[in-house]
Amino acid sequence: MCEGNQTQITQIRLLGFQDLHKFKTILFIVFLLTYTMILTGNFVIILLVTTINNLKVPMFFFLKHLATADVLLTTSVVPLMLDIIFLEEGRLSFAGCITQLYCFGIFGFVQCFLIAVMSYDRFLAIYNPLRYSSIMGLDVCLQLVIGSWLLVTVLISSEIVMVCQFNFCGLNNIDHFFCDFGPIVELATSDTSILMYQDFVISIFMIFFPFAFIIMTYISIFYTILKMSSNQRRKAFSTCSSHLITVCIYYVTLITVYMAPSNESTSNVNKYRSLLYILVTPLMNPIIYSLRNQKIKRALQKLLKGLVTVTCKRST
């Protein structure tokens, strides 16, 4: 219960980018264009994998779910962020703020497990290509994806339940453009030590373990590749290069935002670092796979030719 004259917070005030209010028009246009590109690129990936038979293989099946997570992650943050930029601040009910935190946590951290699953897929394709199709069947792919979503949902739910038990009294201002975990916890007037310990343990499980698994799979992949002939080696590298770039971009941004030391002087910097995770990574994933993967390129060309043909027939 709140003490004295303090009352329980029912509304959260997001300050957004008030120090850049002079550039709000430019920020709004840049972020809107970036968001549009993210939606377009990832929806194209989802459409191609869903409709083109040649892309109905495990690697692209996992890529489709990674693209889905990217779309959901940015959509849980960017529309409100654009509104905050336009109005120079934003207001959310406390329940709405917790809901955004919940969705952001699920859509963001499920990517750790999806990327880890994709590394396992690449490992099987290179280490044991003859048995790859029999091991990575549709049932196994579905189980890995559903398991990833369920596991992250359970872990994030346990944290959200803990957050909802705290008292939030007095100040309701957050110097951020969305309801992130750190700023929300700072508003709590209850003892958050147990929550911080829980968050540390869960973060190790959701970030460190998948990352360690990815490193181990790539060590095995590189060791296997070194035993191949030069032609086989070149082909093997090309099959995992796109995923390796995705891993590097994802974990560099994740570590930059959430694992860098933070204090009062860096909290404002972390707000801008979050843009890397929310905008840059979801934008780069479809670009990486469309530019470096020949199957995606051919499928995109086929889709565009089909659209041109249909348009020409309708015009005549």
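Predicted model: local features only at pLDDT ≥ 70, side-chain atom pairs only at ≥ 80, totals over all residues.
Me: Why is Arg122 called buried?
Reply: Arg122 has a relative accessible area of 8%. Buried means under 20%, so Arg122, at 8%, is called buried.

Me: Where does Arg122 lie, and what does Arg122 touch?
Reply: Arg122 lies in helix H4, which covers residues 94–127. Leaving aside residues up to four places away in sequence, Arg122 touches Met59, Tyr132, Ile221, Thr239 and Cys240.

Me: What makes these count as contacts?
Reply: Contact means heavy atoms within 4.5 Å, so Met59 and Tyr132, among the residues Arg122 touches, have heavy atoms within 4.5 Å of Arg122.

Me: Which residues lie nearest the centre of the second largest pocket?
Reply: Arg122 is one of them, together with Ala125, Lys235, Ser238 and Thr239. In total, 22 residues line this pocket, and the space in the second largest pocket is about 630 Å³. The elements giving two or more residues to its lining are helix H2 (58–75), H4, helix H9 (230–258) and helix H11 (294–315). H9 gives the most, with 7 residues. By type, the lining divides into 10 nonpolar, 7 polar and 5 charged residues.

Me: Why is Asp175 called partly exposed?
Reply: The relative accessible area of Asp175 is 41%. Buried means under 20% and exposed means over 50%, with partly exposed in between. Asp175 sits in the loop between strand E3 (173–174) and helix H7 (181–187).

Me: How do you know that Asp175 makes a polar contact with Lys271?
Reply: The two side chains make this contact at 2.9 Å. A polar contact needs a pair of N or O atoms within 3.5 Å, one able to donate a hydrogen and the other to accept it. The distance of 2.9 Å is within 3.5 Å, so the pair meets the distance limit.

Me: How far apart are Asp175 and Asp191 in sequence and in space?
Reply: Asp175 and Asp191 are 16 residues apart in sequence and 21 Å apart in space, C-alpha to C-alpha.

Me: How many cavities of 30 Å³ or more does a search of the whole structure find?
Reply: The search finds 1. The largest cavity has a volume of about 60 Å³.

Me: Which residues line the largest cavity?
Reply: Among them are Leu15, Phe17, Gln18, His21, Lys24 and Glu88. Helix H1 (24–51) and helix H3 (78–87) are the elements that give two or more residues to this lining. The lining of the largest cavity divides into 6 nonpolar, 2 polar and 2 charged residues.

Key
Residues numbered from 1 in each chain as written. Heavy atoms only, no water. Helix = DSSP H or I, 4+ residues; strand = E, 2+ residues; numbered from the N terminus. Buried < 20%, exposed > 50% of the residue type's maximum accessible area, 1.4 Å probe, protein only. 1 Å grid on protein atoms, 1.4 Å probe; cavity = no way out; pocket = protein on both sides within 12 Å on 5 of 7 lines; lining within 4 Å. Points joined across faces, edges and corners; volume = space filled by probe spheres on them. Nonpolar A, V, L, I, M, F, W, Y, C, P; charged D, E, K, R; others polar.
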